Amino acid sequence: MLELRLVHNRGSVNAGLYVNSGSGFSEEERYSLNCSSDRMAKRLLYFPKGVHALRFDPLEEAGLFGIEHLQLMPLVPWFAYRLLAKRLAARHPGFRELNIRDVLAHLKANARKLHRNWLDLGLSHYAETFNRRCRGRGYREWIEQVEALQLLSVQPTAEIDGPLISIILPTYNSEVGFLRACIDSVLAQSYPHWQLCIADDASPDPQVRECLSAYQALDPRIQVVFRTENGHISAASNSALELATGDYIAFLDHDDTLPPHALQRVCVEIGKSSQVQLIYSDEDKINHAGHRFDPHFKPDWNPDLLLSINYVCHFTVLRADLVKKVGGLRTGVEGAQDHDLLLRCLPYLNAGNVMHIAEILYHWRAAEGSTALDCDEKSYTSEAGIKSLNDCLESEKLGAQVKQGFVPNTYRIRWKLPKERPLVSLLVPTRDHCDILQPCVDKILSLTEYPNFELLILDNQSSCQKTLNYLEKISADPRVRVCSWDYPFNYSAINNFGVRQAKGEIIGLINNDIEPINDDWLTEMVSQVCRPEIGCVGAKLYYPNDTIQHGGVILGIGGVAGHSHKYFSRNEYGYFSRLHLVQNLSAVTAACLLLRKTVFEEVGGLEEKKLPVAFNDVDLCLKVREIGYRNLWTPYAELYHHESVSRGADDTFAKRRRMAAETAYMRERWGNMLDRDPAYNPNLTLAHEDFSLA
């Protein structure tokens, strides 16, 4: 096992260990390890031959670094196999939802079929879970060059009147140095109207009581209650809540810190609207030495993402009467108590009364054993999260089931289908290219468990005899209809024509170069689109080489829109696990898109005149969002996409001119909306599709 902890000034780096087994150093014998600054990274290494020499490359580019820990530890085989199986189960799509024993059995069975050594095959799959990627601006560089400029605009507010903000701080056997740093960060706030409500949960360490008593005597805004019995974090938080007299309640952990302007920025947002119920900010982590790393730049209000993960997390500020209305913190869900509180507030929250401050206003302490450092550290948090979600869904009578997500501390909601399965009309425009169309149609017909669908092939002047023969043959299937569209190519017009022919109450826009992977792809999408608040639903699409083609659409990338996480490996988590989470997005691609027919007709369908080829799907999604629906992307509908094979590339003067006109229309129609996607974050780049820093 290679263990490595680097400190560096890049966002993330690709370290590498080269092995010379007799023929010199080469890329063939390189072990990659992607390292975030100051986080322990680990990787199994297997040397089948004698090793002559090792070479360690901490960076692939110019930068500052320090090596805090570098160790090679020999492992006995059974333990190494267990670690290999554990990572495959957690990170490799071919071993999802298998336990460790089943992973090894599955691996050995596949190796026999392929006439390969099972360990070689396993190590090959294991290597696929480590990805090298070039990164942009480093976080330290961002702090120095971007955040520093933002802070210049922050003016002290000591003389400005504003609401009282009560900060809830439960403590238990806190490390006194970290506790002092936490309380000092509150005392240093530029906004003066705060109350620090501390509840110590019967800490046996006398130094904690001494520390808290000293601070209570120091400032009358600090109030402390010393509990006589340990009741865990929810009970302690409720004891602190009993001290609170503020209009708003903020939550702070006993070893975390706030930057000096945190409450001031919250107060500014509160002043913008009397309706605000929830304010939350971006956050980062801070280590024992005070080094900041791993920033989380969050989207604006995203209720479906909140059902998948507690993305709000820190800094959370709620209106006091809302906290009182839902009964404060709930016991029995310790480990997910913050998420549980937000879920119980969910019926009272919407995009109009939730405010997201796209700035780092919270530093989460990453100490050994903390959830901040490794979400695997506390497995009970996932169980508590599942309970919270189940209770939330049951209380709202939403008829859904909760499962553990692909990533620890994430969740999947399985929404129930209506008793009478709605008819889905799948529209597939095509012209010739039978070699592309046939795999698409055959796979849809053979690999779709959802029973009630019709497949409308919209033939746009096909002349290839092979294609015509195939269309005639496939028409014999009662699920298939071929509709002729005898006009020049116009993607929007073809699909609008198809909708008029469709018998289904749900419309599926499907490219002719799509191939389903999982048989419940349509079941998942229909279950989402039947929810009355949901508009367009998109799928997770891969290139044939198992890299991401579509993880949702992000507005503003490239001027109009780009695809989320493009070219990421299929098994990667993505930015804060978003490649594996159901979430609301502003737009999804029409290569595989479902929406109700009534919604399609309500917005007037696809724009035929101004957007005959490109961006018509983005425009459709924005029109749907404009009338109040939430668009959604699900990773549980997986398909291959041989992008634009039949249409071809935009490589002629006429095509480039058409593309320029469509781009201009989108900028004119949607304007600044394209530059501030609520499902993204202004601190993330619009130059690339990788969620790197702007």
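Mentor: We will go from single residues to the whole chain. This is a predicted model, in which local features need pLDDT of at least 70 and side-chain atom pairs count only at pLDDT 80 or more, while totals for chains, interfaces and linings use all residues. Residues are numbered from 1 along each chain as its sequence is written, and side-chain values use heavy atoms, with hydrogens and water left out.

Trainee: Why is aspartate 340 called buried?

Mentor: Buried means under 20% relative accessible area, exposed over 50%, and partly exposed in between, with a 1.4 Å probe and protein chains only. Aspartate 340 has a relative accessible area of 1%, so it is called buried.

Trainee: Where is aspartate 340 found, and what is it in contact with, leaving aside its neighbours within four places in sequence?

Mentor: Aspartate 340 is found in helix α11, residues 337-345; helices are DSSP runs of H or I with at least four residues, strands are runs of E with at least two, and both are numbered from the N terminus. Beyond those sequence neighbours, aspartate 340 is in contact with Arg330, Val333 and Ser388, where contact means heavy atoms within 4.5 Å.

Trainee: What makes asparagine 110 partly exposed?

Mentor: Asparagine 110, which lies in helix α2, has a relative accessible area of 25%, and therefore it is called partly exposed. Asparagine 110 and arginine 82 are 28 residues apart in sequence, and their C-alpha atoms are 18 Å apart in space.

Trainee: Which residues of helix α3 are buried, and what covers them?

Mentor: In α3, which runs over residues 118-128, the buried residues are Leu119, Leu121, Gly122, Leu123, His125 and Tyr126. Their cover includes β4 (41-43), α1 (77-91) and α2 (100-114).

Trainee: How do you know that the size of the protein agrees with a compact globule?

Mentor: The radius of gyration is taken over C-alpha atoms, and the globule rule is 2.2 Å times the number of residues to the power 0.38. For 694 residues a compact globule would have a radius of gyration near 26 Å, and because the protein has 27 Å, the two agree. Along the principal axes, the C-alpha atoms fill a box of roughly 90 × 70 × 50 Å.

Trainee: How many helices and strands does the protein have, and what share of its residues is buried?

Mentor: The protein has 19 helices and 28 strands, and buried residues make up 56% of its 694 residues.
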